[in-house]
Amino acid sequence: MHTFEVLRRPIITEKNSMLLAQSKYTFEVSQNANKPQIKEAVEKAFKVKVTAVNVICVPGKMRRAGRQRGMTSPWKKAVVTLEPGQKIELFEVV
């Protein structure tokens, strides 16, 4: 898998905004990505040093629209911890 296919998008929520104080950033990542690939992608894309990567597999949920039922797609997210003093400017703008 190519390095830049690993990261899909940053996840910006109220809970994730509180994690910024601890130098933790959250991304949606590819289903096939593993921790070393995620670490390499973040380090290359944002020129920072990653100390830890935690991965969470989010299952799809049942949704209804009237009588129609369906499932949302499952996805994977990663919480990336940076070395103290480093930050990603993409998140600081929001």
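Which residue forms a salt bridge with Lys 49? The partner is Glu 43, and the closest N and O atoms of the pair are 3.9 Å apart. Please keep in mind as you read on that this is a predicted model.

## The sheet and its helix

Let us turn to the strands. Four of them form an open sheet in the order β1-β2-β6-β3, and their pairing is antiparallel. The edge positions belong to β1 (7–10) and β3 (50–58); each has a single partner strand, so one side of each is left without a neighbour in the sheet. On average, and with direction ignored, neighbouring strands of this sheet are turned by 30° against each other.

Strands β2 (residues 24–29) and β6 (residues 75–82) run antiparallel and are joined by six bridges. Within this pairing, Lys 24 has Thr 81 of β6 as its bridge partner. Helix α3 (residues 35–46) packs on the sheet, where it touches β1, β2, β3 and β6. The direction of α3 makes about 120° with that of β3.

Another salt bridge brings together the side chains of Glu 28 and Arg 9, at 2.7 Å from N to O. This pair links distant parts of the chain, with Glu 28 in strand β2 and Arg 9 in strand β1, 19 residues apart. Glu 28 counts as buried because its relative accessible area is 14%, under the 20% limit. Arg 9, in contrast, is partly exposed at 43%.

The side chains of Lys 44 and Glu 40 also meet in a salt bridge, at 3.6 Å from N to O. Both residues lie in helix α3, four residues apart, which is about one turn of the helix. Lys 44 is partly exposed, with a relative accessible area of 44%, and Glu 40 is partly exposed too, at 38%.

## A buried asparagine

Finally, have a look at Asn 16, which sits in helix α2 (residues 14–19). With a relative accessible area of 11%, Asn 16 is buried. The side chain of Asn 16 makes a polar contact of 3.3 Å with the side chain of Thr 26.

Beyond its neighbours within four places in sequence, Asn 16 is in contact with Ile 11, Lys 24 and Thr 26.

Technical notes: Residues numbered from 1 in each chain as written. Predicted model: local features only at pLDDT ≥ 70, side-chain atom pairs only at ≥ 80, totals over all residues. Heavy atoms only, no water. Helix = DSSP H or I, 4+ residues; strand = E, 2+ residues; numbered from the N terminus. Buried < 20%, exposed > 50% of the residue type's maximum accessible area, 1.4 Å probe, protein only. Polar contact = N/O pair within 3.5 Å; in protein donor to acceptor, adjacent residues only side chain to side chain. Contact = heavy atoms within 4.5 Å. Pairing = 2+ DSSP bridges. Axes fitted to C-alpha atoms, helices over the stretch in contact; angles between N-to-C directions. Salt bridge = Lys/Arg side-chain N within 4 Å of Asp/Glu carboxyl O.
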